[in-house]
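Student: Could you take me through how to read a few features of this model, giving the general idea before each case?

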Amino acid sequence: MLTSQLALLTDETRYRGWTRIGFHGVLLLGVFLLIFSTYIPWFLYPNPSLHYPVKTYAGPILRDSLSVIVQYYSLVYLFTHYGRRPLVLLLGLALYYVVLFTVYYYSSYIVKHYFGLTDDYSGSINHFERLPYGRALFNLGTFFHLLFIIERAFYPLAVKLVLEVYRRQVRHGQLQQQYTRLELDFLKSQINPHFLFNVLNSIYALTEEESPQAARITLQLSGMMRYALYETADSLVPLSKELSFIRNYMNLEQLRTAKRLALASELPESVDESLQIAPFLLITFLENAFKHGVQNNAQKSWVKLSLVIIDDVLNLSLSNSKPVNPYPMLGGLGLSNVKKRLSLQYPDHRLRILDEETTYSITLQLTLSRKEGLVRQ
């Protein structure tokens with residue numbers, strides 16, 4: 001039972017919708033029970049003056065629960081999005097402290113005046129009421145009062161950390177299995193690449209003078225095969241080489257489809273050499289655009305591609321026309337595989353697919369890696 005629940009939480013394709021809502025619901029309930037447990041000794045304290053109505057006891061519990069929840073989601077967001085940017089992270093942590101203080105400051109006021117609690121056992125309510133907002137924010141005693149709340153936020157954060165470590169271990173194991181399968185499939189289907197290159201070089205030499213266009217196609221195809229066979233063994237490749245592969249592929253498709261295709265592409269002329277990407281990750285989307293959008297008929301068609309790099313974030317926008325009477329095609333395996341690769345290698349990616357009557361479009365956003373030892377240009 002526990003194994004199946006953990007598998008559900010670690011599977012990015014299933015951890016969505018109601019499953020995700022349910023997890024956060026359990027998390028919020030756990031925070032409430034955690035705060036409730038810390039006040040149990042106070043509830044059971046034998047002093048008659050502490051025999052308050054239930055409403056009065058509920059005030060500090062709701063206040064502390066809200067503060068812990070605000071902390072949890074603030075810290076998770078900061079470390080998820082800015083964990084690799086120390087300066088931005090430090091500024092975010094300063095803002096997080098101000099937000100936490102603001103929530104606790106005003107909720108303490110509400111607890112006293114609307115729930116009827118003169119003060120709690122930590123003395124927080126009277127401390128915050130004695131000082132105006134500005135003075136209380138920079139008062140040393142404020143930090144020690146908030147320290148109790150900050151400490152309690154580490155419990156749900158610890159749960160999040162354990163799940164993330166387990167999720168990464170599962171993801172690493174899946175990547176290893178996938179890599180092994182791909183390696184075996186490659187070995188099974190591999191023929192002598194030197195033979196292929198020799199044949200292509202011979203074709204290039206024969207057609208260079210009589211048909212320069214055919215020679216150019218042969219040269220591009222040879223470059224694509226060399227890249228596919230010799231330069232994609234690692235899990236990451238330079239983004240510049242992947243873009244060169246995409247350009248060659250589009251040129252070949254443009255020649256194949258002749259005048260039936262209107263191709264508009266926007267690719268960066270040059271990119272930082274330290275930027276890396278998983279090989280053949282983007283080409284699947286482009287293949288689908290040509291395969292399903294430009295079929296072997298006389299219909300006019302179009303493909304639009306835009307790829308922009310902003311602060312190590314790759315933004316891809318790709319759309320294509322759809323034939324009026326499309327041929328039935330089997331497939332979908334390539335798209336399914338690339339979705340799995342994105343979930344495993346880029347779990348924070350954003351992929352949006354829009355399938356309309358006359359157009360098909362995708363937008364993809366992911367954060368690129370950088371090769372160690374290379375300086376940003």
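**Reading the model**

Tutor: Leu33 lies in helix α2, where helices are DSSP runs of H or I with at least four residues and strands are runs of E with at least two, numbered from the N terminus. This is a predicted model, in which local features need pLDDT of at least 70 and side-chain atom pairs count only at pLDDT 80 or more, while totals for chains, interfaces and linings use all residues. Residues are numbered from 1 along each chain as its sequence is written, and side-chain values use heavy atoms, with hydrogens and water left out.

Student: At what angle do helix α3 and helix α4 pack?

Tutor: Two packed helices are described by the angle between their axes and the distance between the axes. The axes are lines fitted to C-alpha atoms, for helices over the stretch in contact, and angles run from 0 to 180 degrees between N-to-C directions. Here α3 (residues 54-82) and α4 (residues 86-114) pack at about 170 degrees, with their axes 10 Å apart. The two are therefore roughly antiparallel to each other, a label for angles over 145 degrees.

Student: Which strands make up the open sheet, and in what order?

Tutor: Strands pair if DSSP finds at least two bridges between them. The open sheet has 3 strands in the order β1-β3-β8, with antiparallel pairing. β1 (237-238) and β8 (369-370) are at the edges, each with a single partner strand, so one side of each has no neighbour in the sheet. Strand β3 (residues 275-277) is joined to β8 by 2 bridges, and Leu275 stands opposite Arg370 in β8.

Definitions and conventions
Angles under 35 degrees count as roughly parallel, over 145 as roughly antiparallel, 65 to 115 as roughly perpendicular and the rest as oblique.
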